[in-house]
Amino acid sequence: VSDQKPLGCWSVKHGQIITCPVVCNFETGEYIAVHDDKVLRIWKNKDVNLDKVFKATLSADVYRIHSLPNGGPVVLFKGGGVRTLDALLEAPQQEIENVISDEVIKWSEAFMEGQQPVLIFATEKDGDFFVYVQKLKMNGLHKYKLEQQELSKPLSFTAHIKNQIITLLCLCSNDSVYKVLIPLHQNTDEEEQVLSKSLLLNLSVPGSVLKGTSLVVLDKDHVAVLGSLAVSGEESKECLTIWNTKFQTLQTSKELPLGTSGQLWCYEEKFFFTHGKVLTVIMYKCETSSLAAAVGKLKDSQTPDVSSFVNWNTLADEELVVSFQSQQSVALKSESKMTLRSKKNAVAKVQADTLSVGQLLLNLKDAPTTVFEDELRQLVSKAQMPDFQATIGCVVTALINRCKTNPKYYPRNFLLQIVQTRDLSYSLCPDLMALALEKKDVHLLQTCLQRFPDIPEEITYTCLKVFLSISEAYLQRIDVNLESVICYIDIEFNNKEVKTEIVENGFNAELEQDIWDTKITKETHLTADGEFCPVGPQKAALLNAVLHSAYSETFLLPHLKNLPAQQAVLFLRYLYYLYVKCSEKINTTLPGIRSPTINQIMDWMCLLLDAHFTVMVMLPEAKQLLSNLHKFVRAQVRFYSELNKIEGSLRELQRLNHQKDSQTYSIEVLELI
């Protein structure tokens, strides 16, 4: 999310409109979408073109599809009819009943109660609000009318189900949250009941009022509300807030200056909301709701303590404590069954549990280097601790911060060890690769490119530029992982060429000779076009790491256009060399560990030519390279064209061989006409 790397992208035709949110079918791994209200589309990750995927035209307009982990997708129509996806696919044109008259659906949600899928939705008509509860397996539908209040109407809904009771929360225009209890099992035959609302939370603290637009439930005592916080005498500001409904307190808030869409989602202890033009994800943990904690918040309600709930940022030193404060809350919750805790007991508990990770890192900020590294190594070695990956990210951040304050300090081996042995990502330590680029630590950069799945395209391009600019003489003096090149590259020592290659048939007379024999001539080690590898093995290994890095063409191409012409030509020569090498193999696969694939090579060649084609055509030194590339590709096209001509004969030959199961040795001559 932080680097906006699209993992998949599908689009409808021009003029078509996707009319409800796309969902994933947890049971089949398929995506389900509806466009133009009635047209259903179902596809998988491997599908590219939506025009060619499953399509079904329904008889009624769809309002929303809900996907349940163990119950399958449920389809809610704008007329209030409900169907499971399986039932709908059996007869897409089946008639859908209209259960609401002149009402408009405002919100819906689906749950699993045991093995029973339950759907709840709210509608509006002439200022009145109604709630429908649909139990799919029992085919039971109950309608309720929401109690009306003067000068107040519901703006947003959320609900959860427990012990056969649905708890519906309504965020209303009078800056309050109301609770409505709906029993799942109704014994009455009354057609329409009135649901009474009880005040759950007043969204105000002394001097300010929150104008909410969306809310989600965090646990039984906490809700999160997105909206505009209006402070008397000041302009209102959009913010995300967390409230304690048990003690009516504002626990924490975060200003969102770039604005939001007004929508807030919550999934697996993470908030999702749009901030400006990006989707923001924030982790949170709820502490045990206690009187002591609530009183602590009330003492300074204008500047609520954020550390107990949300890690708004994880990069700054002073916020490392925030990242791991939640672990103490979880520990307190699991080990203490008392609802009320005194501050004395809480302090004693923290001391008994030893310092939190964030507090430990802060205490080590000014420690001597040896003590600093020893403590961090011990921290890294605790592989079973909670939130281990986040801990490692904070350890790396602490090392980077010390490097910034002390330019002479650079724990190269420690950083390399962490990256090689731990499952890190770029987003957990975004300053690490910037530091490695500054120090020209190409081995660390190579390892990050091979192991990080989420490197931004700008960083990938910067690594490529640095690798191409470093001299071969410098690279020969430093340590680089050569696993990806040692099995195929033609390397040159003191103007003598030596070809290292995996021997596929188990024997090669040349390998019986001393590879340092000066009698070996260059002519015996030329590739198909008579060219050697244009770069040394160290640089080739670094470039292979770049080829393996994930990227989006849209984001990479603008950076690639800034690559200097001479470096672009050198990179293209190396890609061409790899292309020829792959073509020498029957399976077009280079030997070795993490060697580039033919697809990666072709994709990067196309990218490079797209970015620099005009320059390549104008450069005299690139003329022969482009000519050779053109001839080689043309020869391959001709070769595959000839293969296509005999494809039918080869298939027939394969069929004949399957039909005959000769037990004795035989030689057959087949004439291809």
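Visitor: Okay, Phe632: buried or exposed?

Guide: Keep in mind that this is a predicted model. Phe632 counts as buried because its relative accessibility is 16%, and the cut-off for buried is under 20%.

Visitor: How many aromatic pairs are there?

Guide: The count comes to 13 aromatic pairs. One of them joins Tyr576 and Phe632 edge-to-face, at 6.3 Å centre to centre and with 80 degrees between the planes.

Visitor: And where do those two sit in the chain?

Guide: Tyr576 is in helix α15 (residues 565-584) and Phe632 is in helix α17, so the pair links distant parts of the chain, 56 residues apart. Tyr576 is buried too, with a relative accessible area of 2%.

Visitor: Which residues do ring pairs link into a cluster?

Guide: Trp10, Tyr31 and Trp43.

Visitor: Which charges sit over rings?

Guide: Two to look at. The charged end of Arg64 is over the ring of Tyr63, 5.0 Å from the centre. Lys143 lies over the face of Phe130, with 4.7 Å to the ring centre.

Visitor: Changing topic: how many salt bridges?

Guide: There are 11 salt bridges by the rule used here. Among them is Glu124 with Lys106, at 3.5 Å from N to O.

Visitor: What does that pair tie together?

Guide: Glu124 lies in strand β9 (residues 116-125) and Lys106 in strand β8 (residues 104-113), so the bridge ties together parts that are 18 residues apart in sequence. Lys106 counts as partly exposed, at 46% relative accessibility.

Visitor: What about Asp431, which side chain does it meet in a salt bridge?

Guide: Asp431 meets Lys404, at 3.1 Å from N to O. That links distant parts of the chain again: Asp431 is in the loop between α8 (412-421) and α9 (432-439), while Lys404 is in helix α7 (residues 388-405), 27 residues apart.

Visitor: How accessible are the two ends?

Guide: Asp431 is partly exposed at 32%, whereas Lys404 counts as exposed at 52%.

Visitor: And Arg412, which residue does it form a salt bridge with?

Guide: With Asp441, where the closest N and O atoms are 3.3 Å apart. Arg412 is in helix α8 and Asp441 is in the loop between α9 and α10 (442-451), 29 residues apart.

Visitor: Asp441, buried or exposed?

Guide: Asp441 is buried, with a relative accessible area of 5%.

Visitor: Where is Leu650, then?

Guide: Leu650 is in helix α18 (residues 647-659). At 41% relative accessibility, Leu650 counts as partly exposed.

Visitor: Last topic, strands. What is the order in the open sheet of three strands?

Guide: The order is β22-β23-β24, with antiparallel pairing. The edge strands are β22 (265-266) and β24 (278-283), each pairing on one side only.

Visitor: How many bridges are there between β23 and β24?

Guide: Strand β23 (residues 270-275) pairs with β24 over six bridges, in the antiparallel sense. If you want a spot to look at, Phe273 stands opposite Thr280 in β24.

Key
Residues numbered from 1 in each chain as written. Predicted model: local features only at pLDDT ≥ 70, side-chain atom pairs only at ≥ 80, totals over all residues. Heavy atoms only, no water. Pairing = 2+ DSSP bridges. Helix = DSSP H or I, 4+ residues; strand = E, 2+ residues; numbered from the N terminus. Buried < 20%, exposed > 50% of the residue type's maximum accessible area, 1.4 Å probe, protein only. Phe/Tyr/Trp six-rings, centres within 6.5 Å; stacked < 30°, edge-to-face > 60°. Lys NZ or Arg CZ within 6 Å of the ring centre and 35° of its normal. Salt bridge = Lys/Arg side-chain N within 4 Å of Asp/Glu carboxyl O.
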